Amino acid sequence: MVAKDNAPLSKANVAQRIFEDIRSHIENKQLEPGAKLQSETALAQLYSAKTYQIRQALQLLKKAELIYSVPKVGAFVAEAGNGGSGDTRPGFYDSGDPLPASGNHLPHAPLTLTTGSNSALQQQSWNEILRELKQHNCFLDITMDYSNRISGPTPPPDVRECSAPLVSYQAGDMPLLNIRDFFLDSNNAGLVFLDDYAVPSCYSTNLLFYNRRLLGKYGFAPPAYRDCGGQTEYLDYHLAAVTGNPQCSAPGSTQQPVTRLGHYLEMIFRALSGCRSLSESKFMEIFSGPCEQLVYLRRKYRMSPPQQAMRYLNDFLSGQTPFFLGNSSDIQFLMSSLRSDEFDCYPFFSVDGSCCRLALPLVICAETRHPIECIRLVQFLQQDFAQRKFAEFGFLPVREELTPMRLQKLPARTCKYETIFFRSPEEHYIEMNILNVELWDCILHGKSVADALNNCRAFAKAYLNMKLDKSKVAERKKWMELYS
C-alpha cells in the first residue's frame, strides 16, 4: 500500500490525510487487528511527511480507538472496541522484545510469509505444509499473506516467496537478510542457495502440454523425443498437420524465448555486459545458430506472445489444439479445468539440450525480529514434505530425486538442468527487456536474427553506460566482481 497520491501533502492537512489513509486500510481489513504499524521514521518516508506529522496522525488514530501503542515496541491495530487499552490476549512472548511497563503480554505477532502462489489448489497445499510444520515445531506460528505485499504502513513480511527468478525487482524496497552470513561452517544448515540472500523454494520448468484425446483422434503418437533436435522434428511434423486443419489452431505459449537458450543465455549476457570480450564477428558466429534454432518453430507457426496466452490456453482446454507450450505454473490451472487423464506434459528442451530451471526465490527481511525462526521456516520448505507438495504441481524440487511423476519420462542422465536466476537488476534488464524483446521481434515480425543481435549489442552498451556511469566507483567494481 502506498499513500493515495504522489502529490506533496499540504502542511495544513497532512496529518489528517495520513490518518484517513491508514483508517481506510483498517476499515477495509487490509490492516488486520494486531498488525504492527511501521516505525514513525518509516511512515514519514512512506508519506513524504515530517515525524511530528506522523505523530499527529497516530494520535488521531488513537483517539478514534483504531490503534494502541506499547511503550518501546510500537503501534498496533486495535481489536474492535478495544482501542487504546493494550492487548491482553494470550500469546507467545519474544524475549528479544522489552516487556511493556504494565507487564501485559505483547500482542501476538506471528511470522508472515507472503507469496503470489494463491490459487485454491496452492492455498490448500500451503495449509498442509504449515500444518506439517506445526507438528515439527510448535513454537513457529505462520500467517500466510497471498497478496504478495511488500510495502505499506505495516512492516514488510518476514519471508517472501518471489514469483520470478530475481530478487531485486521482486523484493522492492524490502531490505534483505544475508542468510549465508549466519553460518560460519560450510554446511549452511543444509540449505541450497541461489546467492547470499536467496534460497529456492522450488523451480519452474518449460513443458509441452498435450491433449491425449486429440492426439489419438489425429493418430499422433505422444511425445517421446530425447533431445532438442527430436523435439523440433516432432513438433514440426505434427504442427504442419494441425495448422492445415481449419478446425484447429496453432498452439499458444507462456514461455519466454530467453528461457530456452540454456547455457547460451549467460554467455550472451557476459558478452553484452563486457564481462567477456568478443568481437562483433565472433559474437555473431557463436550466437546466431542457437538463436535461429530458437525462433524457427515459433516464427514458422506464428506462435503467440505470452500476452495472448490465456486465449490459446482456452483453445487447448476446448480441444481446438492438441498442444500448448507452457511451464510448471500452468499445471495447477489445467488441473482445476481438466481431468488428470485428459492432458499430460513432457519436458521441453532448450536449444543446447538442457531443461531450464526458473528459480522461485525465498528471501528474508533484514528487519525481521525473528531471523532464526525465519531460517527454520525456509529450511523446512526445502525438506521432503514441502518439496513433495511443490512437486505435485509440476514444480521441480531443489533436489532432483523428488522430480514430479509427470516429468519422470526421461532417464535422469538425459535431463540436464540449467538454472535461471538474475543476480542483479542489470542482468534482468539486459536479458528480458533487450534480448528477449529482440527475439520476440524475430518471431512475430520477421526481423532477422543478425539484426536482432546487433541491436542487443548496441542497446546493452548504451544501457550499461547510463546505469554504471551513475554508480560510484565502488558500486561498479562490486557489480563487475559479481560476474567475474
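1. The model is predicted, so local features need pLDDT of at least 70 and side-chain atom pairs count only at pLDDT 80 or more, while totals for chains, interfaces and linings use all residues. Residues are numbered from 1 along each chain as its sequence is written, and side-chain values use heavy atoms, with hydrogens and water left out.

2. The axes (lines fitted to C-alpha atoms, for helices over the stretch in contact, with angles from 0 to 180 degrees between N-to-C directions) of helix H1, residues 14-27, and helix H3, residues 51-63, come within 8 Å and cross at roughly 50 degrees. The contact (heavy atoms within 4.5 Å) involves Val 14, Ala 15, Gln 16, Ile 18, Phe 19, Ile 22 and Arg 23 of H1, together with Gln 53, Ile 54, Gln 56, Ala 57, Leu 60 and Leu 61 of H3. These residues divide into 9 nonpolar, 3 polar and 1 charged, where Ala, Val, Leu, Ile, Met, Phe, Trp, Tyr, Cys and Pro count as nonpolar, Asp, Glu, Lys and Arg as charged, and the others, Gly among them, as polar.

3. Helix H8 packs against helix H9, residues 280-300, at an angle of about 145 degrees, with the axes 11 Å apart. Tyr 264, Met 267, Ile 268, Ala 271 and Leu 272 of H8 meet Phe 283, Ile 286, Phe 287, Pro 290 and Cys 291 of H9, and by class this contact has 10 nonpolar, no polar and no charged residues.

4. Within H8, residues 264-273, the buried residues (under 20% relative accessible area, with a 1.4 Å probe and protein chains only) are Leu 265, Ile 268, Phe 269, Ala 271, Leu 272 and Ser 273. Just after H8, Gly 274 adopts a positive phi of about 85 degrees.

How values were computed:
Buried < 20%, exposed > 50% of the residue type's maximum accessible area, 1.4 Å probe, protein only. Helix = DSSP H or I, 4+ residues; strand = E, 2+ residues; numbered from the N terminus.
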